[in-house]
Amino acid sequence: MGRETYTGDVAFEVRGHLGMITLNRPKALNALTQLMCESILIQLQDWAEDPTVAQVLIRGAGDRGLCSGGDISSVYRDMQEHQPRDGGGLLPESTPSYAAAMPAEEFFAVEYRMNLTIAEYPKPYIALMDGVVLGGGVGVSAHGSHRVVTERSRVGMPETTIGFSPDVGGTYLLPRSPGNTGLHLGLTGIHLTAADAIFTGLADTFVPSEALEELTQQLTEHPVDQILPRYTTHPGDSAVEQDAEWIDAAYSAGTVEEILEELEEHSSSYPGAQQAAAALRAKSPTMLKVALEAIRRGAQLSLSGALAQEYTIAIHALRSHDFREGIRAQVIDKDRTPRWSPGQLETVDEDLVAHYFTPVPGKLLSLE
């Protein structure tokens with residue numbers, strides 16, 4: 001018999017020598033709350049010191065996916081309650097809103113500490129990236145030592161769609177994808193197949209979904225490096241790999257405006273370039289420029305450095321118009337017609353972008 005513990009919307013079980021984490025909010029596609037992140041962090045720390053636990057596995061309840069990301073509906077409610085209505089743009093740091101603490105700040109802080117703990121975990125950490133794995137779902141999986149995708153996997157970092165920038169260590173992972181594919185993923189927010197996720201470095205191994213239960217059972221008794229190869233098959237071809245030539249060319253441009261121009265030049269020959277250009281035009285102009293800068297900076301940062309940078313961006317985004325508006329349009333009202341402010345790339349100046357990278361005194365992420 002296994003040892004079971006339930007804490008809110010996440011379940012923990014020790015079965016044999018396997019510590020199992022099950023994200024248990026299937027109706028919300030296992031979206032992460034602060035309590036879930038705190039519970040996972042504490043349990044991982046306990047299991048790291050537990051000699052009876054040889055390896056850890058994370059999976060999602062239900063049949064739709066591992067995790068759709070953070071619970072951004074609660075983040076929206078927090079912004080609604082604490083954010084002054086300034087008519088758009090980014091609030092100046094002199095406003096009372098910056099001095100006040102938003103509950104969402106602690107959510108991001110706990111989530112990012114959890115991400116780093118996963119990346120530095122002393123035991124094998126196996127992520128079953130079956131179905132939808134978006135945003136925070138990438139954060140609980142792609143930093144692991146063994147990342148398993150299936151024919152149902154849809155992996156992505158869609159933050160610019162909601163007026164945010166890739167986080168949970170995404171600005172560390174994405175610039176380490178081949179060529180400029182990470183910039184393509186981070187700016188457009190496209191969903192990746194299993195083959196794409198493996199090519200871009202967000203996953204390692206393809207296992208058919210029908211084999212996951214048997215694989216999990218075998219992992220309760222045997223080391224992952226002994227068992228996983230028995231279930232591994234070829235994921236097929238990666239569309240992102242096939243498109244790498246035009247992706248590398250277009251995203252070599254210096255600015256988002258120039259990237260768009262390059263994509264449009266390639267659009268007659270490559271349908272994917274046309275689709276990418278259309279995707280970028282729908283995103284928050286401000287956050288496209290912030291994301292481009294964050295990913296490029298992330299190439300020179302450690303994971304902890306990237307997470308600290310992402311936390312500073314999050315602090316500012318919580319006081320911005322576009323983050324609130326993006327969640328409203330995509331998740332709350334679902335009208336899919338966000339009204340960005342500023343509304344054009346050309347009107348987003350360098351000072352506004354730089355502001356997102358300016359640390360706010362008293363609001364720095366401690367990763368100790």
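Predicted model: local features only at pLDDT ≥ 70, side-chain atom pairs only at ≥ 80, totals over all residues.
We have an open sheet of 3 strands, in the order 5-7-9, and the pairing is parallel. Strand 5, residues 65-67, and strand 9, residues 154-156, are at the edges with a single partner strand each, so one side of each has no neighbour in the sheet. On average, neighbouring strands here are turned by 15 degrees against each other, ignoring direction. Strand 7, residues 132-134, pairs with strand 9 over 3 bridges, and if you want to find that spot, look for Val-133, whose bridge partner in strand 9 is Val-155.

Now the rings. Searching the whole structure gives 7 aromatic pairs. One of them is Phe-108 with Tyr-112, a tilted pair at 6.0 Å centre to centre, with 45 degrees between the planes. These two are 4 residues apart in helix 4, so about one helical turn separates them. Buried or exposed, what is Phe-108? Buried, because its relative accessibility is 4% and the cut-off is under 20%. Tyr-112 is buried as well, at 0%.

Tyr-112 also pairs with Tyr-311, this time edge-to-face, at 6.4 Å and 85 degrees. That pair links distant parts of the chain, helix 4 and helix 16, 199 residues apart. Phe-108, Tyr-112 and Tyr-311 belong to one aromatic cluster that also includes Phe-107, Phe-164 and Phe-323.

Arg-176 has its charged end over the ring of Tyr-172, 3.8 Å from the centre. For Arg-297, the ring is Phe-357, at 4.2 Å.

Definitions and conventions
Residues numbered from 1 in each chain as written. Heavy atoms only, no water. Pairing = 2+ DSSP bridges. Axes fitted to C-alpha atoms, helices over the stretch in contact; angles between N-to-C directions. Phe/Tyr/Trp six-rings, centres within 6.5 Å; stacked < 30°, edge-to-face > 60°. Buried < 20%, exposed > 50% of the residue type's maximum accessible area, 1.4 Å probe, protein only. Lys NZ or Arg CZ within 6 Å of the ring centre and 35° of its normal.
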